[in-house]
Amino acid sequence: MTTPAIGSDVFSWPVIGPALRWRHARTALQLVLLAVAALVVLHGLTGPQLAPANLATVLTWVHYRGLLIVALLAAGNLFCTGCPFILVRDAARRVHAPAARWPRWLRRKWPAIVLFVTILFVYELFDLWALPRATAWLVLAYFGAALVIDTVFAGASFCKYVCPIGQFNFVTSMLSPLELRVREPATCSACRTVDCIKGRRAPEAPLHVVRRGCELALFLPAKVGNLDCTLCLDCVQACPHDNIALAARLPALEIADGRRRSGIGRLSQRWDLAALVAVFVFGALLNALGMITPVYTLERQIGVWLGTTSEAMVLGVLFVLALGLAPAVLLGGAASWSAAVIGSSIRRPLLAFVYGLVPLGAGVWAAHYAFHLLTGFFTVVPVTQSAVLDLTGRGWLGGPWWTWVGAPPGALFPLQLGLLALGAMGSVAVTYLIADRESPSRTLAAATPWLAVTLLLFAAAVWMLAQPMEMRAAGAGALG
Amino acid sequence: MHLQLGSWRDRHGLTRLPGRSAGAAAACLLLLASCARSEDTPPHLTIGWTPMPTVDRESVAEIQLNEAMARPVTGARLRLEAFMTHPGMAPVSAAVEEQGSGRYRARVRFTMAGDWVVRLQGTRADGRRIDVQEDVRRVRPPEE
């Protein structure tokens, strides 16, 4: 697969282009999100411990998650661009510059996958969405982790190897319509300074770096797709030839690109990335499952089988089933089938085709988070009014308008169904492209089991959406 | 040129942060937090439901509000709001009528299955504020 031609370059657009190229653009966005994070922490720790009336829970679990996936699917990895953790980290690095390099044996996604699963588990077990103070502490923990890791280890070790949100963004950004890409390859061929990765140095001694290069080791001329790109725009600022575009592209096409990627290698040789995608896809279904009525019955049944009333144990079994057994059976089975068609080991189709499920997984996350975003979009208004009332004792604009909520839940089903269908169609298309790459002579036969898995997961997601919702809270105990 | 850049960038090429501004902002946040009003000792709240809360069916909340030493809260002006525990969902409001001896009554129609929190806000007869809440575990779906 060759690199597609540069589409429309957002940097050349009026207003938006110059704004993005402004050297303080990222800092400005980070400052906005830092202010929001400060609000979340402050209200979470000191405000009412009632989730729907606290900015920590409303902004985090309704707005941040929803806007994050909207931004990813509509533009790109903007929430990594504006990540406030990195702003604080950069400030700390001014005091303590990191000297160590991230250990070689940890240079995979495994730590982030473990954290991703842990957060999903903790979210369900303790019902984090219902706990403002815990949500505030989670945000502070993110700040602390980024601070500690990146003041010890150079580069963007936290972003690339640890941050679970970052991994979620990286995977989803494979579907983004924008990508940082070299404008003119010949210019890069003639470049001797490679500032985009090494950073641009001052022209005179002591030759300090004045523009940072890519901290995630993505060398622009060899960069393929959005994976591991935080859209920090450091490369754009560093390139002395103004040779980097924020180009429009066909979303998801990069998933089928089998080329070696700078800073990543080949997708088909990365077990960790394949595992990350499996967690991303099956985790989306598991996260949505926690919102519907039948999960009570399922958890009770598991409790009966195990002879326990421990919610942690029951949830643990559910996680093992959903994130371990189900992927092993479905993906392993599909890979066995494809391997027989291709005449290869199971490993090859497994590590090639699993990425085809990314669009469907993103569709499930989007359907779920868009629901919360749109049904609760305006709740930030009465909650802010309530916070002002709590803080000052005076109402703001006539007191909390609790009737300001958002779209009625039932009205969103067509939109959710559309997002799922779009995701499933994307997965079907990408799977076919991967099959064409892996088995040009028997494309359909190689793709068939993966298309079946896609349809099965799509059907499961549609069934979940059609179920009545039932939201639990901390300590409610599904087993009681 | 170098000096100009140096005023904005350090040797790692990082943008200088307004450190003092960040400190001042943090101090302001702490100050704001300390300005938050202190609440009166909240009264003890118990709510009995008839029938048990079920989606789209009216349940009557029999509310008992007592101060310390079981002294009933009389003459309070209250409003009831019920929230789902998940943020972002539509709350339910209900008028609260006093029945005497610290007893109040509200008619609530829950709109979704799951866990809710009932929040009672208002003022006592002497003007002191009341803000208390109680969990309503698992409002049943209509078919159960």
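Biologist: Which residues form one aromatic cluster with F168(A)?
Modeller: This is a predicted model. The cluster sits in chain A and includes F168(A).

Biologist: Is helix α17 of chain A mostly covered or mostly uncovered?
Modeller: Helix α17 runs over residues 358-375 of chain A. It reaches 25 Å from first C-alpha to last, close to the expected 26 Å. Of its 18 residues, 17 are buried. So, with buried meaning under 20% relative accessible area, α17(A) is mostly covered.

Biologist: What kind of pair do F121(A) and F319(A) make?
Modeller: The structure holds 19 aromatic pairs over all chains. In this one the ring centres lie 5.2 Å apart. The planes meet at 85°, and over 60 degrees is the cut-off, so the pair is edge-to-face.

Biologist: How many residues apart are F121(A) and F319(A)?
Modeller: F121(A) belongs to helix α6, F319(A) to helix α15, both of chain A. F121(A) is partly exposed at 22%, whereas F319(A) is buried at 7%. The pair links distant parts of the chain, and the separation is 198 residues.

Biologist: Are the rings of W401(A) and W404(A) stacked, edge-to-face or tilted?
Modeller: Their centres are 4.9 Å apart. W401(A) is partly exposed at 26%, and W404(A) is partly exposed at 39%. The planes stand at 45°, so the pair is tilted.

Notes
Residues are numbered from 1 along each chain as its sequence is written. Chains are lettered from A and ligands numbered from 1 in the order in which they are written. This is a predicted model: local features need pLDDT of at least 70, side-chain atom pairs count only at pLDDT 80 or more; totals for chains, interfaces and linings use all residues. Side-chain values use heavy atoms; hydrogens and water are left out. Helices (H or I, at least four residues) and strands (E, at least two) are DSSP runs, numbered from the N terminus. The expected span of a helix is 1.5 Å times one less than its number of residues. Buried means under 20% relative accessible area, exposed over 50%, partly exposed in between (1.4 Å probe, protein chains only). Rings of Phe, Tyr and Trp (its six-membered ring) pair if their centres lie within 6.5 Å; planes under 30 degrees apart count as stacked, over 60 as edge-to-face and the rest as tilted.
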